[in-house]
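Trainee: Please take a close look at how the charged side chains pair up here. I'd like the setting as well, in one connected account.

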Amino acid sequence: WTLLWIITNTREGTWEQQPNWDWANYHAGAMMIKEKLHRAGIAGAADAWITSTGVHPPFVQYTTALWMLVAGDSRVAAEMILVLYTFIFIYFTFRIIDRLFDITTAFWSTLLVLTFPVSITVSRLYLLEHPLCAVYAAAAWYMLKTEYFAKWKFALLYGLLAGAGSLSRLM
């Protein structure tokens, strides 16, 4: 999947084109967060929470900023966070369906979801919808693991992931 993502983005010239205003805004927010984290640590992170992202909550930009602290400042490095969210989406989609049905159904359903044109397209665009789907799938998995909220550790993880989902995209 990652290799296909890199090949298609390179072949189509996606990384050579100027990003549209949504992508540019999200990249700029991630860069501001990264710089504030790098320069001022936790205090900078708190300030970036308030000042850097504008309309949308900053969860995706924060994860991108943390990744860029490791991988560098390029647009390609920033968009590689989408690969992580794709793996999270694949893993938890498979786990949910396997728990509710069986492994064969999980395999074919996950494959079907991943080959929907909208899934393929959105997983390659630096927008907030794909990370939201990944976080939502992870939250749904942990909600199933709570056994009707009888297992508090899984309930806590569910709550954290539901909150992360709320911080991924609200509007």
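Mentor: Contact range comes first. In the protein chain, residues 24 or more positions apart account for 68% of the contacts with a separation of 6 or more. The model is a predicted one. The chain holds nine helices and zero strands. Along the sequence, the pattern reads α-α-α-α-α-α-α-α-α. Of its 171 residues, 39% count as buried. The accessible surface is about 9,700 Å², and carbon and sulfur atoms hold 71% of that.

Now the charged pairs. Opposite charges on side chains can pair when the charged atoms come close. With a cut-off of 4 Å between a side-chain nitrogen of Lys or Arg and a carboxyl oxygen of Asp or Glu, the count is six salt bridges.

Start in helix α2, which spans residues 21–51. Glutamate 35 and arginine 39 both sit there, four residues apart, about one turn of the helix. Their side chains form a salt bridge at 3.6 Å, N to O. The two partners fall into separate accessibility classes. Glutamate 35 counts as partly exposed because its relative accessibility is 26%. Arginine 39 has 70%, so it counts as exposed.

Next, take aspartate 47 and lysine 36. Their side chains meet in a salt bridge at 2.9 Å, N to O. Aspartate 47 counts as partly exposed because its relative accessibility is 35%. Lysine 36 is at 22%, so it too counts as partly exposed. The limit for buried is under 20%.

Helix α4 covers residues 75–79. Arginine 75 and glutamate 79 both lie in it, four residues apart, again about one turn of the helix. The closest N and O atoms of their salt bridge are 3.0 Å apart. Both residues are buried.

For contrast, look at a nonpolar stretch. Leu66, Trp67, Leu69 and Val70 form a nonpolar patch on the surface. Together they have about 400 Å² of accessible area. Leucine 66 lies in helix α3, residues 59–71. It counts as partly exposed because its relative accessibility is 48%.

Then the helix packing. Two packed helices are described by the angle and the distance between their axes. The axes of helix α5 (residues 81–100) and helix α6 (residues 103–115) come within 8 Å. They cross at roughly 140 degrees. The crossing of α5 past α6 is right-handed. On the α5 side, the residues that meet α6 are Phe89, Ile90, Thr93, Phe94, Ile97 and Asp98. Their partners in α6 include Ile103, Ala106, Phe107, Val113 and Leu114.

Tryptophan 141 is part of helix α8, residues 129–145. Its relative accessibility is 6%, so tryptophan 141 counts as buried. Neighbours within four places in sequence aside, tryptophan 141 is in contact with Phe92, Arg95, Ile96 and Arg99.

Note on methods:
Residues numbered from 1 in each chain as written. Predicted model: local features only at pLDDT ≥ 70, side-chain atom pairs only at ≥ 80, totals over all residues. Heavy atoms only, no water. Patch = residues over 30% accessible without salt bridge, like charges linked within 9 Å, V, L, I, M, F, W, Y side chains within 5 Å. Areas by Shrake-Rupley, 256 points an atom, 1.4 Å probe, with all protein chains shown as cover. Helix = DSSP H or I, 4+ residues; strand = E, 2+ residues; numbered from the N terminus. Buried < 20%, exposed > 50% of the residue type's maximum accessible area, 1.4 Å probe, protein only. Axes fitted to C-alpha atoms, helices over the stretch in contact; angles between N-to-C directions. Left-handed = near helix turned anticlockwise from the far one by under 90°. Contact = heavy atoms within 4.5 Å.
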